Amino acid sequence: MKETVTYVEMTAQSQLIPAAPVPGLTLESVVRDAPFIPGILARIGAPHGWRSASRTEGEWAAWFAAYPDRTFWLLSLEGEPAGMVTCELHPGDEAEIVTFGLMPEFVGKGLGGFALTLGVRQAWALAPAVSRVWLHTSSLDHPRALPNYHRRGFRTFKTEEGRA
């Protein structure tokens, strides 16, 4: 299956164009060994064919061990888990949003713009010297993902064509 991967970035915090707040939508830090993280990531990724949707328990353990500095943030709506944001600092004071997504039952409810706003603010706050926030998305992801990133102020800096 043909896939286009698009990389987007912000190089200043002032480039964020916040979405209107959604009452009851929050983003809270969670400890990396929270037992619900694999299940939420699997549910987010299942409609898009993400590897997280089919990892075994052993593969999850290896994944967590491979990324010891990754931070995890739970999106909740009125106290109910709705999605997740994961971030990682890279050399050169860059913050990557590694995972951003809503669980399927929360997609299409007008949450994505504000959820992304919360996640981007958190990425900028990971360290005082963060000078760039970036992420990538695939043409196999939700069709509104890339337009949402652009509406929030991200600009495309690279695309890659390949096979999924």
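Student: Which strand gives the most to the lining of the largest pocket?
Tutor: That is β5, which supplies 7 residues to the lining. A pocket here is an open set of points on a 1 Å grid where a 1.4 Å probe fits, with protein on both sides within 12 Å along at least five of seven lines, and lining residues have an atom within 4 Å of a point. Please keep in mind that this is a predicted model, in which local features need pLDDT of at least 70 and side-chain atom pairs 80 or more, while totals for chains, interfaces and linings use all residues. Residues are numbered from 1 along each chain, and side-chain values use heavy atoms, without hydrogens or water.

Student: OK, and which residues lie nearest the centre of that pocket?
Tutor: Of the 43 residues in its lining, Trp50, Val98, Phe100, His136 and Asp141 lie nearest the centre. Beyond β5, the elements that each supply at least two lining residues include β1, α1, α3, β6 and α4 (145–151); helices (H or I, at least four residues) and strands (E, at least two) are DSSP runs.

Student: Back to β5: why is it largely enclosed by the rest of the structure?
Tutor: It is largely enclosed because 7 of its 9 residues are buried, meaning under 20% relative accessible area with a 1.4 Å probe.

Student: And how does β4 pair with β5, parallel or antiparallel?
Tutor: β4 and β5 pair in the antiparallel sense over 8 bridges, where pairing requires that DSSP finds at least two bridges. Val85 stands opposite Phe100 of β5, a residue already named among those nearest the pocket centre. The two strands form a hairpin with 3 residues between them, and Gly92 in that turn has a positive phi of about 85°.

Student: What about β5 and β6, how many bridges there?
Tutor: β5 (residues 94–102) and β6 (residues 132–138) run parallel and are joined by 3 bridges. Ala95 has Val133 of β6 as its bridge partner, and Glu96 stands opposite Trp134, also in β6.

Student: Where does that leave β5 in the strand order of the sheet?
Tutor: The sheet is open and mixed, with 7 strands in the order β2-β3-β4-β5-β6-β1-β7. Its edges are β2 (25–30) and β7 (155–163), each of which pairs on one side only.

Student: Switching to helices, how many residues of α1 are buried?
Tutor: In α1 (residues 37–45), 7 of 9 residues are buried, so that the helix is mostly covered; among them are Ile37, Leu41 and Ile44. The buried residues of α1 pack (heavy atoms within 4.5 Å) against α2 (57–66) as well as β2, β3, β4 and β5.

Conventions: Buried < 20%, exposed > 50% of the residue type's maximum accessible area, 1.4 Å probe, protein only.
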